[in-house]
Amino acid sequence: MTAIKHALQRDIFTPNDERLLSIVNVCKAGKKKRNCFLCATVTTERPVQVNVVKVKKSDKGDFYKRQTAWALRDLAVVDAKDAVKENPEFDLHFDKVYKWVASSTVEKNTFISCIWKLNQRYLRKKIDFINVSSQLLEESVPSGENQSVAGGDEEAVDEYQELNAREEQDIEIMMEGCEYAISNAEAFAEKLSRELQVLDGANIQSIMASEKQVNILMKLLDEALKEVDQIELKLSSYEEMLQSVKEQMDQISESNHLIHLSNTNNVKLLSEIEFLVNHMDLAKGHIKALQEGDLTSSRGIEACTNAADALLQCMNVALHPGHDMLHAVKQQQQRFSDLREQFARRLASHLNSVFVQQGHDQSSTLAQHSVELTLPNHHPFHRDLLRYAKLMEWLKNTDYGKYEGLTKNYMDYLSRLYEREIKDFFEVAKIKMTGTTREGKKFATLPRKESAVKQETESLHGSSGKLTGSTSSLNKLSVQSSGNRRSQSSSLLDMGNMSASDLDVADRTKFDKIFEQVLSELEPLCLAEQDFISKFFKLQQHQSISGTTTNEAEEMDGGTLSRSYTSGVPQTVSSEKDMIRQMMTKIFRCIEPELNNLIALGDKIDSFNSLYMLVKMSHHVWTAQNVDPASFLSTTLGNVLVTVKRNFDKCISNQMKQMDEVKISKKSKVGILPFVAEFEEFAALAESIFKNAERRGDLDKAYIKLIRAVFVSVEKVANESQKTPRDVVMMENFHHIFATLSRLKISCLEAEKKEAKQKYTDHLQSYVIYSLGQPLEKLNHFFEGVEARVAQGIREEEVSYQLAFNKQELRKVIKEYPGKEVKKGLDNLYKKVDKHLCEEENLLQVVWHSMQDEFIRQYKHFEGLIARCYPGSGITMEFTIQDILDYCSSIAQSH
């Protein structure tokens, strides 16, 4: 180990001006053993720096290299693991914990002891030595090799002191005076010893000579002590005198404290009294206004309002802790409670009287509205009541029970008042719709039962099955009484025109205006009442919406407003917005059933009225929802809109049902079917009604259902027709449908328009081919035989050699169809077509022109066969294409 130490000192530390004091052979704990050395070193230059250096042997040779160095001042803990038993393991805590295993316990202990001494000598910092034997931490170190290394070097370092300048000068002078000391050290040492003895003797003589001075000094010290004693006696007497003064000052200070405390308490008491007087004192004028104030005049209402606000402030003052225990405060609070109760009772009684009085005044004005389709104006009533709005807010905050009672009374009374007004209003509307007078029968008895209406409809239209039922029983009765009733022998076209007559248009326009006027009168009435309720009863209209439904609101009785109470304090169950809707539902509970009755009447008068009602109601619902989607008006109109939509759907379903049930006459030609004409009427009416309407989508869906039903019913009737050919029925009706859709330009029915045109074209071609048939029948049979021979493989130019198809046979057949016979046959064909077609659709010339083209096509076909099969024969038809054109034109003009 000594050789290693010298080698390390020489190779590593001396070049760095360091001295190696202790060394220990270690390896890292828990890893494969790779030995290294931990060295404790100090620098030779001042200030001294102490380091712990890790040295390991190089992998490429036998020399050692410096790997890591830690400053001793960074060492925090030295853990020897066990202070009793021998254990080579130890830990050094620098920036992290380094665990080591020494080659021997002695080396470990020597190294730890050296670390402790270096810390004590140079650093004096707090390094924790744990699990270290106390013997290692003592000043004395066991003798041995390491002692000389560590302790001896340290002592040498400790004894060495650098000479200052003066000492160096003295030594130089002494050396100059004793030059022989260099050659004879013993003589020099004896000389120094003799001079030291001479100095010691002189020192003793000096001490003995100063004894007298010492005695004088001692005497002076004794006198000083006496003076000190006298001063202490005076200080004691002064202290006794000051003690009495101190006691007096303490008494004065205590007295002053009590006076200050008394003043502070008086100020606080005065402040509390002023607080109670200022905040809990109600002016006599306010008390008089609460007890006797006039609640009928504007000035009296204002005085009562100010007094009520002042009373509320006095009652709601935030008392300091302990105030409520004062008898005077309790009396004042009781007085305030009595005043509140008395004024609340007087206010509630007066407002109830105002409700009744205003109601009587309002009822007196109903007579002037009985014959007009207008609702009475409640603005004066609202204006007079709004003067009490602040008092209602006060009542709501102070006595919610009376506030709720007033709310209930207002709803009970106003619901009866509005019910009379609204019922009379709807009675007038129904009378105007039906055209009767108030002295006549009630509107409920005017429309006939559905079965009677259906029977009369059938009697008017025979077995054709009127599609829409759009003319009401009332209108039919008026038509009969005026002599305009159609007989059963009237044509189906006339029946279709009757449903679109000026009478129906006028009635529908009249109904539309009346229905619009009804809605226009109801909307401002409901909005004005809702605005008044929110202002008068101090309810917010724009709070969050709760989950209360309209049905739940309808079930609300007048005695509850969705409030519960705990110790007289209201606990809100639903929002104030729901309360507004509940009150509106209670007050206007008759609007929805009256509207439904009016809608039912309009539907009975004319099922087409559902179109007008759907458009008008949708617009008003859309307007109401833009204002407030959860308001009473929006909800009520939305519910009624559902009913209107059901009636609209029912109208469409009934039309489809009547199409399915339609029957045709077996003795007369069909022509344009009634439901086709009535679909045209429905579409034209619907387009005029639904122009720019919000519910256009509902109409488009109805269009799709109706047009498909029309298509199916047309084919069904065409298949069942006996008098009129199927192709004629299909051709005429689909032509009419195509013309209708082209004229109205309904975007959602573009596909159906194309389909109708295709069906019309197909059946026109089919009818032309079927009706024209083979006007030159024998000639047609002859050429069919020719084509058959060609099809069997005979060449066209060789057909004339066939016995049955030679030139003589061809000339014989051609002679049977002179121009006169052809014209006669065409004339008979024209008459036949004229019998099949109806006049309404005016397709005769179209069909005749198509037949002419088909005949010419057959003629050209025959000429082609003659030219190919009988070339050079000179055989031609006895009439030309120009003759055919002349025949057709002459026949058409003659008819």
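How many aromatic pairs does a search of the whole structure find?

A: The search finds 28 aromatic pairs. One of them is formed by Tyr400 and Tyr403, whose ring centres are 5.2 Å apart with 45° between the planes, a tilted arrangement. Rings of Phe, Tyr and Trp (its six-membered ring) are paired here if their centres lie within 6.5 Å; planes under 30 degrees apart are stacked, over 60 edge-to-face, and the rest tilted. This is a predicted model, in which local features need pLDDT of at least 70 and side-chain atom pairs count only at pLDDT 80 or more, while totals for chains, interfaces and linings use all residues. Residues are numbered from 1 along each chain as its sequence is written, and side-chain values use heavy atoms, leaving out hydrogens and water.

Both tyrosines, Tyr400 and Tyr403, belong to helix 12 (residues 400–434), where three residues, about one turn of the helix, separate them. Helices (H or I, at least four residues) and strands (E, at least two) are DSSP runs numbered from the N terminus. Tyr400 and Tyr403 are both buried, a term for under 20% relative accessible area, with exposed meaning over 50% and partly exposed in between (1.4 Å probe, protein chains only). The two also belong to one aromatic cluster together with Phe355, Tyr410, Phe532, Phe536 and Phe537.

Another ring, that of Tyr122, has the charged end of Arg121 over it, 5.9 Å from the ring centre. The criterion is NZ of Lys or CZ of Arg within 6 Å of the ring centre and within 35 degrees of the ring normal.

Leu779 is buried, at a relative accessible area of 0%. Leaving aside residues up to four places away in sequence, Leu779 touches Tyr817 and Phe862, as well as Leu810, Val813, Ile814 and Met877; contact means heavy atoms within 4.5 Å. Val813 is 34 residues from Leu779 in sequence, yet their C-alpha atoms are 6.0 Å apart.

As for the whole protein, the secondary structure comprises 30 helices and 10 strands. Of the 895 residues, 42% are buried. Among contacts with a separation of 6 or more, 71% join residues 24 or more positions apart.
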